[in-house]
Amino acid sequence: MGEKVSRIAAVADRFHNEGVMNKTCLVVGAQSDIFNGIRKMMEADHWVFYDAVNEISNTYPAPQMPKWDLMLITMGKVAPVGHWWDMLPVEFADCIHSNLVKPWEFLRLFWHWRSYNPTVIWFSGSNPQGIMDGYAPYNTAKMAVNKLIEQLDHETPDCKFVAFGPGYVRDSKIHRATLDKRWPNPRIARGDAGTSMEQIYAALKWCIEQPKAVVGGRNVAVSDVPFTAPTESQFKLRRA
């Protein structure tokens, strides 16, 4: 009983900061370099974080955390890299599972522990619509994420779902699969700075602040922000 009281008190301390009500962010993929790159900026805006993987053991009989206002899904992997005909079926399937199915499982697990009108922002990769040799499973999974986000947003009137494209981030371990494979990647080879953490957070924050009618169900990239009065099909998967 004493441990439970102490945990509740700790949560209360984290939930308030100098009279300002903090907001709760449940992170699916807390080891992400991008998440850790923007974390301090989010903390300055009074976000308090919980790692979904760590919270699994605390879900019975109910999660021991405040109800989440934002679920940030940064989980995923690029591997395997190479020609699709050289990949093992289990490798291809594992990439799809890691980028699409497993994050959805976390969303479903914590779905009933959401706050009023929450937001789900699911990172959808760096331009999976583009074609580049060697990334068939990763791009396929991320394109499926874009469609899933549109579907979930359509079916869920009390939650805003956004597929978020952070752009190319140079200093990220997500490129390890490409580098280990010594697979040619023009973007990596150019060595440009890519998208900064400040740009990513500015776009992310903008998405959080927008109403569902503006960004809900859309694949919003950092380079798209800001935009106004989108058409029904803008930033969604559609035939030309």
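Good morning. Helix H4 bends by about 50° at histidine 97, and I shall begin with that element of what is a predicted model.

H4 runs over residues 89-110 and comprises 22 residues. From its first C-alpha to its last the helix reaches 30 Å, which is close to the 32 Å expected at 1.5 Å a residue.

Which residues of H4 are buried? They are Cys95, Ile96, Ser98, Asn99, Leu100, Pro103, Phe106, Leu107 and Phe110. As a general point, an α-helix has 3.6 residues a turn, so residues three or four places apart point the same way. The buried residues of H4 pack against several elements: strands S3 (23-28), S5 (68-73), S6 (114-123) and S7 (160-165), together with helices H3 (52-55) and H5 (136-155).

I turn next to the aromatic residues. The structure contains seven aromatic pairs, and one aromatic cluster is formed by Trp68, Trp111 and Phe161. In a second case, the charged end of lysine 67 sits over the ring of tryptophan 113, at 5.2 Å from the ring centre.

Finally, the cysteines. How many disulfides does the model contain? With sulfur atoms required to lie within 2.5 Å of each other, the count comes to zero. As to burial, cysteine 159 is buried because its relative accessible area, 1%, falls under 20%. Cysteine 207 has a relative accessible area of 0% and is therefore buried by that cut-off as well. In H4, Cys95 is among the buried residues.

Thank you for your attention.

Technical notes:
Residues numbered from 1 in each chain as written. Predicted model: local features only at pLDDT ≥ 70, side-chain atom pairs only at ≥ 80, totals over all residues. Heavy atoms only, no water. Phe/Tyr/Trp six-rings, centres within 6.5 Å; stacked < 30°, edge-to-face > 60°. Lys NZ or Arg CZ within 6 Å of the ring centre and 35° of its normal. Helix = DSSP H or I, 4+ residues; strand = E, 2+ residues; numbered from the N terminus. Expected span 1.5 Å × (residues − 1). Bend = angle between axes of the 7 residues up to and from the residue. Buried < 20%, exposed > 50% of the residue type's maximum accessible area, 1.4 Å probe, protein only. Contact = heavy atoms within 4.5 Å.
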